[in-house]
Amino acid sequence: RRTHVRRGATLGANCTIVCGVTIDEYAFVGAGAVINRDVPAYALMLGVPATPRGWMCRCGLRLKGAGEVHCDCGAAYRIDQSSCTPL
């Protein structure tokens, strides 16, 4: 089964990714994390098995809050319970 790592995704050292999974654009996988399901765009995934622990900007800073969120770099995002989309 094919595994897809989309543009801008960051994979931490020694992370394990099960085959057939898609890691969407600009997602961040922490060091040592085990990815056993698809990862949404801009998600911060940590742990064994990995769970979403927040959202990340394209520039690499963690996004805080919900609704319309602005990063220090100037990028804007809409964050709800299960997704993060750039504005």
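Visitor: What makes strand 7 and strand 8 a hairpin, and which residue in the turn has a positive phi?

Guide: Strand 7 and strand 8 form that hairpin with 4 residues between them, and G47 in the turn has a positive phi of about 100 degrees. The two strands run antiparallel and 4 bridges join them. Two strands count as paired if DSSP finds at least two bridges between them, so strands 7 and 8, with 4 bridges, qualify. A43 of this pair stands opposite W55 in strand 8.

Visitor: Before we go on, what kind of model is this?

Guide: It's a predicted model, where local features need pLDDT of at least 70 and side-chain atom pairs count only at pLDDT 80 or more, while totals for chains, interfaces and linings use all residues. Residues are numbered from 1 along each chain as its sequence is written, and side-chain values use heavy atoms, with hydrogens and water left out.

Visitor: How do you know that strand 8 and strand 9 pair?

Guide: Strand 8 (residues 51-56) and strand 9 share 2 bridges in the antiparallel sense. The cut-off is at least two bridges, so this pair meets it. M56 stands opposite R62 in strand 9, and W55 stands opposite L63. These two strands form a hairpin as well, with 5 residues between them, and G60 in its turn has a positive phi of about 105 degrees.

Visitor: Why are strand 2 and strand 9 said to stand at the edges?

Guide: The open sheet has 5 strands in the order 2-5-7-8-9, with mixed pairing. Strand 2 (10-11) and strand 9 (62-63) each have a single partner strand, so one side of each is left without a neighbour in the sheet.

Visitor: How many helices and strands are there in the protein?

Guide: You get 0 helices and 12 strands.

Visitor: What percentage of the residues is buried?

Guide: Buried residues make up 34% of the 87, where buried means under 20% relative accessible area with a 1.4 Å probe, protein chains only.

Notes
Buried < 20%, exposed > 50% of the residue type's maximum accessible area, 1.4 Å probe, protein only.
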